Amino acid sequence: MFDAAHLAPPRPARRFRAATEEPAALRRGLIGLVFVLLAVLLFAPLVTVFGEALSQGAGAALTALAEPEAHAAIRLTLLVTALSVPLTAVFGLAAGWAIARFDFPGKAVLITLIDLPFSVSPVVAGLCLVLLFGANTTLGDWLVGQGMPVVFALPGIVLATVFVTFPFVAREILPVMVEQGRAEEEAALTLGASGWRMFFTVTLPNIRWALLYGVLLATARAMGEFGAVAVVSGKIRGVTATVPIAIEMLYNEYLTVAAFSLAALLASLALVTLALKTALEWRHADALSANRRA
Amino acid sequence: MRIVAKSPMPGFALSAGLVLSLLSLIVLLPIGALLVRGAGMGLGDLAAAISGERVRSALLLSFRSALIAAAFNLVFGVVVAWVLVRYRFPGRRLIDAAIDLPFALPTAVAGIALTALYAPNGVFGQIAAGAGLRIAYAPPGILVALVFVGLPFVVRTVQPVIAEIDREVEEASATLGASRLTTLRRVVAPVLMPAALTGFALALARGVGEYGSVIFIAGNLPMKTEIAPLLIVIRLEEFDIDGAAAIGIAMLGISFAMLLLINAVQVWSRRRIGYV
């Protein structure tokens with residue numbers, strides 16, 4: 001009567017299902033649905049970018065990337081990113097410090113204003129910049145007179161990029177700083193550290209992963225921004241055409257392979273960003289804002 | 001007069017000063033310039049500029065397409081979030097990471113890729129053409145692009161909320177005799193609702209203003225497949241600055257309404273269940 005089978009742990013019951021689970025068939029169906037929809041919606045476009053770029057062979061794609069105009073576009077995009085992301089980061093750090101460490105009237109309004117660029121269409125953002133700095137405006141004419149045109153020039157592209165990426169770093173840092181509280185910083189001050197010493201030895205190390213996360217998101221967006229830049233760039237070939245603008249110009253000239261080669265370059269960078277971001281979510285989840293934790 | 005309670009923390013003047021000056025210079029002043037331009041036109045001219053047939057249909061098309069795409073993303077986003085948090089299956093982490101692809105992929109890249117896929121000679125376009133459907137260069141193409149760019153919003157706002165749900169509440173519901181469907185409908189859904197609506201509103205706001213991914217696939221026929229942001233660009237190219245500003249102000253109005261909606265949803269949910 002006594003055999004090992006009675007002592008073995010019960011096999012996962014087939015007929016029994018936990019009260020907080022859906023039926024197995026439904027579960028499998030939903031998982032299948034997610035796979036199919038994401039394959040169609042996400043993976044197919046991604047594969048298409050690389051497929052179209054390589055449709056005439058890798059040589060044609062590389063030749064397209066070696067064109068002087070492609071080079072100029074890549075250089076401009078890197079320059080714009082290098083100028084705008086630090087601005088976004090400094091803004092994010094300042095916003096985090098002011099909002100998470102002090103109480104002042106109008107704080108809620110300030111937080112809403114920081115999020116404002118998220119709900120403004122990039123094209124409208126570009127339009128706003130044209131109306132402030134463009135030709136036939138007081139400020140615009142004065143700046144042109146000073147030899148520093150903003151619209152249809154580098155400063156306008158940078159401003160447009162900063163506009164659309166403005167909340168990225170602040171949004172990542174703020175919740176982390178609020179959560180961490182100010183006790184460690186107060187301890188540093190009590191022990192005699194100067195304000196900057198406290199910032200660099202206590203604050204910054206505590207938020208470094210959240211900062212990096214925000215910088216990653218801002219970099220990805222800065223390299224790929226299209227709508228806002230399209231309005232202010234003037235699309236001067238080889239001068240004010242960023243990579244996304246160059247993609248549009250090539251595509252409209254039916255230079256499909258060239259357009260998709262540049263697109264594949266940007267898509268590769270997007271994949272790298274995604275991988276780094278995911279690595280941060282897995283490794284340093286506890287140092288990121290709560291809704292970033294994997 | 002001090003505006004801040006006395007604090008041992010240094011750096012308020014520096015950080016607040018930086019925040020205010022950067023925010024003013026880069027965001028508030030330009031938006032102000034748009035509003036001033038609109039005020040200079042006067043209400044009559046403003047209304048006339050946006051009530052033209054072409055502008056009206058562009059605004060309507062942008063809003064309608066964004067609404068439909070956001071609704072799709074609302075339903076699908078909740079399902080994806082649920083599957084990713086509650087179920088265990090091979091490839092789950094990969095899919096979870098891939099959800100953010102539309103945030104990372106530049107919109108122009110997405111735009112030409114989707115166009116290549118859904119054009120009449122593309123992989124999906126051919127299948128659709130076989131069924132007598134036209135996707136690219138027609139209104140459904142706009143929906144495809146907006147579903148793509150809006151996909152992560154609902155998933156990412158709902159996911160943390162699902163992870164927070166206390167399973168004991170669901171068990172209690174089951175113990176009291178509720179079927180699984182009843183539990184999902186009466187216990188789980190109310191908790192997810194605020195986050196799902198926030199994600200919906202974010203996707204909607206993004207969709208109304210979206211430009212890069214749409215203009216390649218839309219076909220851009222005036223009154224038919226011409227979205228509002230594109231009409232702004234066209235007006236600017238025609239040097240019709242007032243016309244562009246009028247559409248810009250209308251879109252800004254829609255954005256503010258959306259922002260208010262998001263805030264209202266969050267306040268309402270905080271009052272109702274205690275967190276967002």
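Which domains does the domain assignment of chain A give? The assignment, which is automatic or taken from a database, gives domain 1 (15-53) and domain 2 (68-292).

## About the model

This is a predicted model, in which local features need pLDDT of at least 70, side-chain atom pairs count only at pLDDT 80 or more, and totals for chains, interfaces and linings use all residues. Residues are numbered from 1 along each chain as its sequence is written, while chains are lettered from A and ligands numbered from 1 in the order in which they are written.

## The two domains of chain A

Let's start with chain A. The centres of domain 1 of chain A and domain 2 of chain A, taken over C-alpha atoms, are 33 Å apart. Their contact (C-beta atoms, placed from the backbone, within 7 Å) takes five residues from domain 1 of chain A and seven residues from domain 2 of chain A. On the domain 1 side, four residues are nonpolar, none is polar and one is charged. Here Ala, Val, Leu, Ile, Met, Phe, Trp, Tyr, Cys and Pro count as nonpolar, Asp, Glu, Lys and Arg as charged, and the others, Gly among them, as polar.

## Chain B

Chain B has 12 helices and zero strands; these are DSSP runs, with helices (H or I) of at least four residues and strands (E) of at least two, numbered from the N terminus. Of its 276 residues, 47% count as buried, that is, with 20 or more other C-beta atoms, placed from the backbone, within 10 Å of their own. The C-alpha atoms of chain B fill a box of roughly 75 × 65 × 35 Å along the principal axes.

An unreviewed UniProt entry places "domain: ABC transmembrane type-1" at residues 59-262 of chain B; such annotations may be inferred rather than shown by experiment. That span is 80% helix and 0% strand, with its end C-alpha atoms 21 Å apart. The unreviewed entry also places "transmembrane region" at several spans of chain B, including 97-119 and 131-155. Residues 97-119 of chain B are 78% helix, with end C-alpha atoms 28 Å apart, and residues 131-155 of chain B are 68% helix, with ends 31 Å apart.

## Where the chains meet

Now to the pairing of the chains. The contact takes 77 residues from chain A and 74 residues from chain B. Helix α2 (residues 24-53) of chain A gives the most to the chain A side, with 15 residues. By class, that side has 57 nonpolar, 10 polar and 10 charged residues.

Ile247(A) touches residues of both chains, among them Leu262(A), Val109(B) and Ile112(B), not counting residues up to four places away in sequence.

Technical notes:
A residue is buried if 20 or more other C-beta atoms lie within 10 Å of its own, exposed if 12 or fewer, and partly exposed in between; C-beta atoms are placed from the backbone. Two residues are in contact if their C-beta atoms, placed from the backbone, lie within 7 Å.
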